[in-house]
Amino acid sequence: MTLNLRIAIIGQSNFAADVLELLLERRNVEVVGVFTIPDKGSREDILATTASLHRIPVFKFASWRRKGIALPEVLEQYKSVGATLNVLPYCSQFIPMEVIDGAPLGSICYHPSILPRHRGASAISWTLIEGDEVAGFSIFWADDGLDTGPLLLQKQTVLEPTDTLDSIYKRFLYPEGIKSMGVAVDMVAAGTAPKIAQTEVGATYDPAMFKVENQMLNLQQPAANIWNFVRGLDSVPGAIATVIEQDGTEQQVRLFGAHLYSAGAPKAGRALRLKGLDKPAWVHEGGLLIEGTDGQFVNVRRLKRGAKMINASDWFKLEQVQQLQDFSEDELAKRELLSNIWQAILKLPIESNTDFFAAGAGSMDVVRLVEECKDAFDVPLENEHVFMAPVFEEFFVELVRALRQGSAGGAQQVSFEGFTLRANKREIPVPTQLFYGGEFVDAKNKQTLDIINPTDEQLLCKVACASKEDVDEAVKAAHTAFHGAWKQVSARQRGQLMLKLADLMEQHKEELATIESVDSGAVYTLALKTHIGMSIDAWRYFAGWCDKIQGNTIPVNPARPNNVLTFTRKEPIGVCGLITPWNYPLMMLSWKMAACIAAGNTCVIKPAQTCPLTALKFAELTVKAGFPPGVINVVPGMGSQAGQAVADHELVRKLGFTGSTPVGKHIMRSCANSNLKKCSLELGGKSPLIIFADCDLDKAIKHGMSSVFFNKGENCIAAGRLFVEDRIHDEFVRRVLKDLRTMTIGDPLNRSTAHGPQNHKAHFDKLLEFCDRGVQEGATLVYGGCRVPNLKGYFFTPTVFTNVEDHMFIAQEESFGPIMIISKFNGSDIDSVMQRANRTEYGLASGVFTKDISKALGFADRIEAGTVFINVYNKTDVAAPFGGFKQSGYGKDLGQEALNEYLKTKCVTIEY
Ligand code: NAP
């Protein structure tokens, strides 16, 4: 027989309200009164509201007793409802025994642990903190003890590693608890409810975690215990740790989103001191890594500082932002308005850590946000601002930055220490610090490089010289950007950023060409057209590729009766190291970096130590273009230190190198020994140029001159050897000498100058030695071979050697200077000259002049070189692949092929 029950519900909150709703569905149950807590301000507890809706009498008592004695007026009201059973679903008040025993059937109570374990007010937290394997709840008969009454019903579930206080409550304790309260009431009505006495075996009574002193995280324990403590208080109230700032001040933070971190010691990040922890914790792109006493790690994803929740990975970023920020009242008022705009779009209350996309925004919402901001604030924002700063606080900072810069196109500024280059009727501010993580900084050990102007041999400036530690910081910044901000930027936006950068380079091209000319000795007009012009072209060309990088679908053999879909994805490699030489400083940077960035990587470049200035000016422009910090990092320094550190770094996954063959070989070994990083090598050359008697001689002389003397011979594809058919040899030499005598040598900034100083002293001295050696071996020095008389600076006279034999040093080795090496050949023996042309370990470029198309194409077939010029020389283009054979290296710069150097292919197979 089933009893009809008159139930008094004593409790509060959604849980109690849901139990009430559930009981109201039962025919044999009448809820005769609801006893709950008083309103907080004007806010009534949901149990009271729900009861009122169902016209159930509601009683709101601040307290049921005073000095341990039940309040008579409260008792009277309770008795007035005539309950036969008290149901306590969730009750924070102390209920007197007169009430507990006041109903004939007694009182049943819900408790969120498997009693007798974890008696007390914080049972769920303790279930997690103690590392229990199961969680559960008990419905028991209330008695005069605390959670000690006889048991009626219990249920349990296995705890998952992802469980927190919130999740276990939401997924099990709440929904199953409500159902079970219904079951318990049914059992009481049916007279089948047991009363199983609790044993004291395994009983615990745990402290309440609402006391702040109990929320302090003990860091002197194994990682698993740290993790359990944090998740046991996640999300309310949050475990507390104390950060010790660099100036020694302390601030408390609450920790959320912890998990055991199996990837081991941090590979990249910034140290953060936590009180009570011997070793530093690490802020990295995935959060905050804390090492337990057992050497294992816990990762914490979110931190709450004051009222503000932030991603732990943003700890230093927000700190910087805060330091930057001194918001005016007007700006703070705009923050309110901005918050309203976000709220209207997202239809959510906006917190400082609200993420636009995580809150469900789509691409139309991005447009709406940008347009509303433009309208409300009259500020030049673009869609990328939202993608790069999707969190409310970050976006607000971007907005303020844009507002402060007014209508200057929203270009960001970066401060640096540097010098003012006064040249070419200009005053050009040039940074002289390292650039990483979006900032210009000094080298950690304060070392500097002397930058010498090759035109007057005077000190131009001193530039910070990166140490291994600086490179490490730069690589970590690139690593963080690769896994963070850069990932948020879509391929098309990447292209737009690159185009913006190219436009800025264009706007600053005279400045860049002036710096290049002063720093490297390049003739200004050539610097403008080639060094800078082709750099801009490279950025524009590769910008176009960004959103066209795609894989294939591949018809593989299906496993019948199923089908199979196989496709490939082209993915960026990660952090790429770039190491470049001094002959075309900005152009070498751009050839490599534009492809690298277009492919979606981040990079650290070590430019040549003798002329790093355009790379640093370029770094400034990347900030103005809006590249997120860490995507592009520039670390001038010495090859043996900074360059080596890049090649050795285990977070660098690809190395793009341009330089000499011996250093290239060394680099390749370093790539293999460190982490087997992918590498591409653009190395030295000794490119043959064959001039047949049937050529257009005027053209052959013009291009033959430029094949050697272009950019003062500091040109990797320079023709290192000219084979001139014996029938035209003497005329060719005579006319070359005539042109040389009229060549204007002097200040590279002078517009009429054709030949400037060599790049630096060591190189200049090597050229002198090279010529001495040629003379000693018996070649005929017909012109030059010496310093330009009466000129200060590294001016080397354009030089011509004839009667050069194949065995001679100057016939085999690269000079990298303005030295023409001429040998004769007999036009009737093409095989022989082809063999001589190929008898070199280099294979970078080559050229032929002839009007005979068969001869020309025969040459192209047989020559062992990555680049072949026919009736032209030095004709490179950003769309055409460029790179060597044999010991001139492998891997291509430029053209579509260059992208593959900076991509990896992933093959995905699905059976369906
Ligand atoms: P390099 O001596 O090989 O130096 C090239 C770069 O490597 C420089 O930044 C250099 O730093 C750095 N480096 C030196 N030792 C290193 C190490 N142990 N680890 C990592 N990096 C290191 O060549 P270069 O004299 O500057 O340039 C001339 C050579 O480059 C010529 O052989 C030329 O043919 C070749 N090149 C080839 C191409 C091509 O596309 N194939 C294009 C241009 C030039 P420092 O600045 O401190 O020396």
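How many residues of the shell around the ligand are nonpolar, how many polar and how many charged? I looked this up and found that the shell divides into 15 nonpolar, 12 polar and 3 charged residues, where Ala, Val, Leu, Ile, Met, Phe, Trp, Tyr, Cys and Pro count as nonpolar, Asp, Glu, Lys and Arg as charged, and the others, Gly among them, as polar.

I noted for myself that this is a predicted model, in which local features need pLDDT of at least 70 and side-chain atom pairs count only at pLDDT 80 or more, while totals for chains, interfaces and linings use all residues. Residues are numbered from 1 along each chain as its sequence is written, and side-chain values use heavy atoms, with hydrogens and water left out.

**Entry: the ligand**

I found 30 residues surrounding the ligand, of which Q609, G639, S660, L683 and E814 are the closest; a residue is near a molecule or strand if one of its heavy atoms lies within 4 Å of it. I then looked for polar contacts (pairs of N or O atoms within 3.5 Å; within protein, one must be able to donate a hydrogen and the other to accept it, and residues adjacent in sequence count only if both atoms are side-chain atoms). A backbone N or O atom of Q609 is 2.7 Å from an oxygen atom of the ligand, and a polar side-chain atom of W582 is 3.1 Å from an oxygen atom of the ligand. The side chain of Q644 has an N or O atom 3.0 Å from a nitrogen atom of the ligand. Taken alone, the ligand exposes 890 Å², and the protein buries 89% of that, by the Shrake-Rupley method with a 1.4 Å probe, where for residues only the protein chains shown count as cover.

I also checked which elements give two or more residues to this shell, and they are helix 20 (639-648), strand 28 (652-658) and helix 21 (661-675); helices (H or I, at least four residues) and strands (E, at least two) are DSSP runs numbered from the N terminus. Because domain 4 (467-678) and domain 5 (688-883) both give residues to the shell, the ligand lies between them; the domain bounds come from an automatic or database domain assignment.

**Entry: the second largest pocket**

I read off about 1400 Å³ of space in the second largest pocket. Its lining has 46 residues, and Y90, C91, S92, G120 and A121 are the closest to its centre. On a 1 Å grid over the protein atoms alone, a pocket is an open set with protein on both sides within 12 Å along at least five of seven lines, a cavity is a set of points where a 1.4 Å probe fits but cannot get out, and lining residues have an atom within 4 Å of a point. Grid points are joined across faces, edges and corners, and a volume is the space filled by probe spheres set on the points. Helix 6 gives the most to this lining, with 4 residues, and domain 1 (5-190) and domain 2 (212-314) each supply at least three.

**Entry: the largest cavity**

I counted 4 cavities of 30 Å³ or more, and the largest holds about 110 Å³ of space. Among its 15 lining residues, A718, A719, G720, S815 and F816 are the closest to its centre, and by class the lining has 7 nonpolar, 6 polar and 2 charged residues.

**Entry: the backbone**

Most residues other than glycine have a negative phi, and most peptide bonds are trans. The peptide bond from D234 to S235 is cis, with omega near 20°, and another cis bond joins V236 and P237, with omega about 0°. S235 lies in the loop between helix 7 (223-232) and strand 10 (239-244), and P237 is found in the loop between helix 7 and strand 10. K712 is not a glycine, yet has a positive phi of about 50°.
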